[in-house]
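Q: Hi! Could you walk me through some side-chain contacts in this protein? I'd like to start with the rings and then get to the charges.

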Amino acid sequence: MLILLVSVLALTISLAVYVYQQFASRLFYAAKIGGPKGYPILGNSIQFGTKSPADFLLELQKTNQEYGKFYRLWIGPDLIFPITDVKLVEAILSSQKLLEKSVQYDFLRPWLGNGLLTSDGRKWHSRRKIITPTFHFKILEQFVEIFDQQSSILVDQLKTKAISGEDFDVFPMVTLCALDVICESAMGTTVNAQLNSDSEYVRAVKNMGTVVMARSFKAVARFDFSFYFTPYRKMQNEALKVLHGYTDNVIRTRRQALENSSKTTNEDKNDSGIRKKVAFLDMLLQATVDGESLSDQDIREEVDTFMFEGHDTTTSAISFLLKVLATYPNVQQKVYEEVRTVIGNDMNVKVTLSLLNQLHYLDLVIKESLRMYPTVPFYGRKLLENQKINGIVFPAGSNLLIFPYFMCNDPDYFEDPLEFRPERFAIETSAAKTNPYQYVPFSAGPRNCIGQKFAVAEIKSLISKLVRHYEVLPPMKPKLERQVSELVLRSEGGISLRLKHRD
């Protein structure tokens, strides 16, 4: 009995020492930085974790106004620093050392594994090196053909909406278009999501977004042992079965086809001698690291990452841009006139990357839309050791969350931020002293968005196609607008608008 008591006491002391070592430094340095009062163990998770996704952003905005451009939060034992101070943002994003993703990304790993978005260290460097050539302009030109084809299908699907002239939520339809684009670009497959709107894959992506946000801010879902007893576990398991099952099947099929293909000099051409489009998956199947091919697991991580980052994110950007065009008819008219000047009046003309690159005013409109509605509302880094950044010590184990959503609408960084002014991004009108890190919708520095050019080209292709056919109008029955912070920025209740056929 005495031995048992001594053992329990020793274990208790060891656990206490471990907890002290883990949290003493965080508690010490966190106390030097202001923030809202939290509760023992739960921290601020009651303040934020009980909010709806839309109320969460409003609550965070109120906290920003009270505590400034950086402060501390405790979500359970996790120490989080929301940051909108541009100098801190620059120091963090430009660093070659601060590359570890924050704890929120852990909740994406059941889906994405340790792909480019979530990995770090040597693995991240090697994957970045492999994937970067994928977005070379010569390969991007092949993707533009896919953008154009799927945009044409969307235009056809919208005909009934234009005929009725009634309000409708554009977000689901853009989602299906983006899914078709990314499936063909990433995996070389067609799922015909636009023609089969009840897409199991789309539902699975949305459910994973719900799970990740719940685990980010709800204490009961945050920890593995308690997550097991929540309904989110079942939701995640069912979603992963769909997401991984689809990707695994495509990888097996493509790998077998690659192994069976004849090794001729023309194997990359079709029967007419025209070069085939090369999917992202095909490049990964032929890639090597230290002379070794990537495993199916490695490939699935990157394909799923590409599917995630190139699907929901693009949908958000396009949908909010359409809302902008409906809200500002003078902007829409200028976009329409530029599209007609560059592309012409032939509705069936094949749009190329060269033509899209000439849509300079549309470029400005996209940038301004992403300023007001940044696709990814926040992203973060995790510190592996104490870091002194601009004179402030942030302790090891803490998470630095950067919020483009608040930075891009801050009057300290953008004059009259509530006004939609695309011209603010014109080179000749940009202030010489503007810090480029105040506008980071695609992040910046070593871990910036590798698919930025892909995304912008897709947005340009779809918008230029749509405005040639339709005038985008505001809804007859406007709704109170509330943004929702999930994996990407959304609008609560969808994005309602109307369409009218152009003469």
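This is a predicted model: local features need pLDDT of at least 70, side-chain atom pairs count only at pLDDT 80 or more; totals for chains, interfaces and linings use all residues.

Q: Great. How many aromatic pairs does a search of the whole structure find?
A: The search turns up 17 aromatic pairs. One of them is W111 with F308, an edge-to-face pair with 5.4 Å centre to centre and 65 degrees between the planes.

Q: Where do W111 and F308 sit in the chain?
A: W111 is in helix α5 (residues 109-112) and F308 is in helix α15 (residues 296-309). They are 197 residues apart, so this pair links distant parts of the chain.

Q: And are those two buried or exposed?
A: Both W111 and F308 are buried.

Q: What about F280 and F306, how is that pair arranged?
A: F280 and F306 are stacked, at 4.4 Å centre to centre with 20 degrees between the planes. F280 belongs to helix α14 (residues 280-286) and F306 to helix α15, 26 residues apart.

Q: Why does F280 count as buried?
A: Its relative accessible area is 2%, and buried means under 20%. F306 is buried as well, with 10%.

Q: Which residues do ring pairs link into a cluster?
A: The cluster is made of F143, F147, F280, F306 and F454.

Q: Switching topic: which ring does the charged end of R215 sit over?
A: That would be F227, with the charged end of R215 3.9 Å from the ring centre. There is also R233, which lies over the face of Y228 at 4.1 Å from the ring centre.

Q: Tell me about F227. What does it touch?
A: Leaving out residues up to four places away in sequence, F227 touches V211, R215, V220, A221, Y232, R233 and Q236. F227 lies in helix α12 (residues 224-227) and is buried, at 6% relative accessibility.

Q: Now the surface. Which residues form a nonpolar patch there?
A: Y39, I41, L42 and I46 do, with about 430 Å² of accessible area together. I41 lies in the loop between α1 (2-30) and α2 (45-49) and is exposed, at 76% relative accessible area.

Q: On to charges. How many salt bridges does the count come to?
A: The count is 25 salt bridges. Among them is K69 with D412, at 3.2 Å from N to O.

Q: Why does that pair tie together separate parts of the sequence?
A: Because K69 is in the loop between α3 and β1 (73-75), while D412 is in the loop between α20 (404-407) and α21 (452-469), parts that are 343 residues apart in sequence. K69 is partly exposed at 24% relative accessibility, and D412 is exposed at 56%.

Q: What about R371 and E368, are they buried or exposed?
A: Both are buried, and their side chains meet in a salt bridge of 2.8 Å, N to O. R371 and E368 are 3 residues apart in helix α19 (residues 360-372), so about one helical turn separates them.

Q: Last one: which residue does D416 form a salt bridge with?
A: D416 pairs with R421, and their closest N and O atoms are 3.3 Å apart. D416 is partly exposed at 37% relative accessibility, and R421 is partly exposed at 25%. Elsewhere, salt bridges with shared partners join K123, R127, D298, E301 and E302 into one network.

Technical notes:
Residues are numbered from 1 along each chain as its sequence is written. Side-chain values use heavy atoms; hydrogens and water are left out. Rings of Phe, Tyr and Trp (its six-membered ring) pair if their centres lie within 6.5 Å; planes under 30 degrees apart count as stacked, over 60 as edge-to-face and the rest as tilted. Helices (H or I, at least four residues) and strands (E, at least two) are DSSP runs, numbered from the N terminus. Buried means under 20% relative accessible area, exposed over 50%, partly exposed in between (1.4 Å probe, protein chains only). A charge sits over a ring if NZ of Lys or CZ of Arg is within 6 Å of the ring centre and within 35 degrees of the ring normal. Contact means heavy atoms within 4.5 Å. Patches are made of residues with over 30% relative accessible area and no salt bridge: like charges are joined within 9 Å, nonpolar side chains (Val, Leu, Ile, Met, Phe, Trp, Tyr) within 5 Å. Accessible areas come from the Shrake-Rupley method with a 1.4 Å probe; for residues, only the protein chains shown count as cover. A salt bridge is a side-chain nitrogen of Lys or Arg within 4 Å of a carboxyl oxygen of Asp or Glu.
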